[in-house]
Amino acid sequence: MHRNRHFKRFSSQRQSTLRGSMPLAPTEKRHGAKSFRRRCKLLGDEQPLCVTTNNQRQRYVTKDGKCRVNLGHIKDKSRFISDIFTTLVDLKYVWFLLVFTACYILTWMSFGGIYFLGAWLRDDIAHVHDSQWQACFENVDGFLSALLLSLESQRTIGYGTRRVTANCPEGVVLLMSQSITGSIIDAVMVGCMFVKISRPQQRAQTLIFSKHCVICERDEKLCLLFRIGDLRESHMVDAKIRAKLIKSRQTKEGEFIPLEQSEINLGYDTGGDRLLLVEPQTITHIINHSSPFWEVGAKRLKREILEIIVILEGIVEASGMTCQARTSYTQDEILWGHRFASCISLEKGAFLVDYSGFDKTFEVQMCPLSARDRTTPSKSELSKHKTSCPNLQKQLRNKVTDIYQSGKGYKAISKALGLQ
C-alpha cells in the first residue's frame with residue numbers, strides 16, 4: 001500500500017511534467033497569444049499579469065465619429081433583405097449607383113427579351129416589311145429593336161416607329177406589366193436616392209469638438225471639460241449632448257466585462273445637456289461620488305486605459321432631420337490641470353468667435369489628488385493621527401504627574417495644559 005501511494009505520486013508528477021514539457025502546435029500558440037494580447041489590451045492595467053508593449057488599445061470611436069466595430073459571422077442574413085430600403089440606403093455610393101443602374105438595365109433587357117420572344121412566336125420578325133401582316137409588335141425585327149421597344153415603353157419616350165398594337169391581348173398585358181414594374185422601380189430607387197442625398201451625415205462635418213478634454217477646478221469642484229462648436233450660421237434645433245465612458249473591467253467574481261459603458265452626467269438633472277449652440281460651448285461634468293472619475297487622480301489617469309464617447313444630437317434647421325455627431329477622447333487626450341482659453345470677444349456691437357483659439361488650453365496650478373481624496377482623508381493621514389494621539393496623551397500625563405508631585409497646585413497644571 002505504501003508502494004502504491006508512492007507510485008501514484010510519481011505518476012501524477014510524471015504526467016504534470018510531461019504536460020508542461022509537451023510542445024504546442026503553432027496554431028494553438030498563435031491563437032493563445034492572440035487571445036491573450038486581446039484580453040490584455042481590453043483590460044488595461046486592471047490585470048497586472050497582462051503585459052503589452054503598447055499601453056493603448058483600439059479606439060471604440062474615431063475622432064471623426066466612426067465606430068470601429070466590425071460585425072461578423074451573421075448567420076441569418078435574410079433580415080437585411082426584409083428591410084431592403086434601409087439596406088439600399090446604407091450602401092456606399094459606388095454600390096448604390098451600381099444597384100440603381102442594374103435595376104433599370106435588367107428590367108429593360110428582361111422585357112426586351114419577352115418582346116423578342118413574342119414577336120418570334122407570332123412570326124412578326126419574318127413579316128416585318130409586309131404591310132398586309134397584322135403584327136402584334138410592330139417594326140420589331142431583332143433583339144435590339146425589341147430592347148428599344150422595351151426602353152421606349154417603360155420610359156414613355158414613344159418615338160412612334162415601334163409599338164404594341166391591339167392585334168394581340170398578350171401584348172397589352174405585357175405592356176401594362178412593364179408599366180407597373182417600372183413605376184415600382186422608380187418609386188424605390190428615386191426614394192432611396194433622395195433619402196441618401198438628404199441624409200444629415202454631412203451636416204456633422206461642421207460640428208466640431210475640441211481635440212482634448214481638460215480636468216480643472218470650477219467653483220471649488222473638480223470638473224471634466226470639453227468644448228463643442230457649430231461652424232454654420234444655420235443653427236441646430238433642440239441640441240442635446242451626452243457622454244459615455246468605455247472601459248473594460250473584471251468583477252469581484254472574476255467575470256470579464258469588455259467595453260463596459262458607464263453614463264457621464266453632463267447636466268441631465270439640471271437641463272445643462274440642452275444647448276443653444278450659437279457660439280462654442282464648454283461642456284462641464286462635475287466629478288462627484290456618482291461620477292466614474294471619482295477615484296481618478298493625476299497619477300492614476302496616466303495608468304488608466306479608457307475612452308470617453310461624446311454624442312451631440314440635434315435637428316437640422318434647413319431639413320428638419322435629426323443629425324448626430326460623435327467623437328472620442330482617450331486617456332492620453334485628457335489634460336490634468338488645464339483650462340480652455342477664451343475664444344469670444346466683443347467687436348463692433350457683436351460677439352466675435354475666433355475659431356483659431358478653439359482648441360487652445362493653458363496650464364494651471366492644481367492639486368493632483370482625486371475628488372475622493374480631496375473630500376475624505378487618506379489612510380496614511382488616518383494612521384498618522386492614530387499613532388500620534390497616544391504619544392501626545394502619554395506626554396501630557398507625565399507632565400501633569402510631575403507638576404502634581406512638585407506641589408505647585410492646580411494653577412500650574414492648568415497653565416501647562418494651556419487652559420489659562
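1. The count comes to 18 salt bridges, a salt bridge being a side-chain nitrogen of Lys or Arg within 4 Å of a carboxyl oxygen of Asp or Glu. This is a predicted model, in which local features need pLDDT of at least 70 and side-chain atom pairs count only at pLDDT 80 or more, while totals for chains, interfaces and linings use all residues. Residues are numbered from 1 along each chain as its sequence is written, and side-chain values use heavy atoms, with hydrogens and water left out.

2. Arg-199 pairs with Asp-90, the closest N and O atoms being 3.6 Å apart. The two are 109 residues apart: Arg-199 sits in the loop between α7 and β3, Asp-90 in helix α4 (residues 84–90). Helices (H or I, at least four residues) and strands (E, at least two) are DSSP runs, numbered from the N terminus. Arg-199 is partly exposed at 25% relative accessible area; buried means under 20%, exposed over 50%, and partly exposed in between (1.4 Å probe, protein chains only).

3. Glu-313 and Arg-242 form a salt bridge at 3.4 Å, N to O. Glu-313 belongs to strand β10 (residues 307–316) and Arg-242 to strand β6 (residues 236–250), so the bridge ties together parts 71 residues apart in sequence. Glu-313 is partly exposed at 24%, and Arg-242 is partly exposed at 36%.

4. A network of salt bridges links Lys-247, Glu-295, Arg-300, Glu-304 and Arg-372. The side chains of Glu-295 and Arg-300 meet at 3.6 Å, N to O. Glu-295 is partly exposed at 38% relative accessibility, and Arg-300 is partly exposed at 28%.

5. The largest pocket has a volume of about 1,400 Å³. Of its 32 lining residues, Gly-65, Lys-66, Arg-199, Gln-201 and Arg-326 are the closest to its centre. A pocket here is an open set of points on a 1 Å grid over the protein atoms alone, where a 1.4 Å probe fits, with protein on both sides within 12 Å along at least five of seven lines; lining residues have an atom within 4 Å of a point.

6. Strand β11 gives the largest share of that lining, six residues. Domain 1 (79–198) and domain 2 (203–372) each contribute at least three residues to the lining, the bounds coming from an automatic or database domain assignment.

7. The unreviewed UniProt entry annotates residues 93–117 as "transmembrane region"; such annotations may be inferred rather than shown by experiment. In the model, residues 93–117 are 100% helix and 0% strand, with the end C-alpha atoms 36 Å apart.

Note on methods. Points joined across faces, edges and corners; volume = space filled by probe spheres on them.
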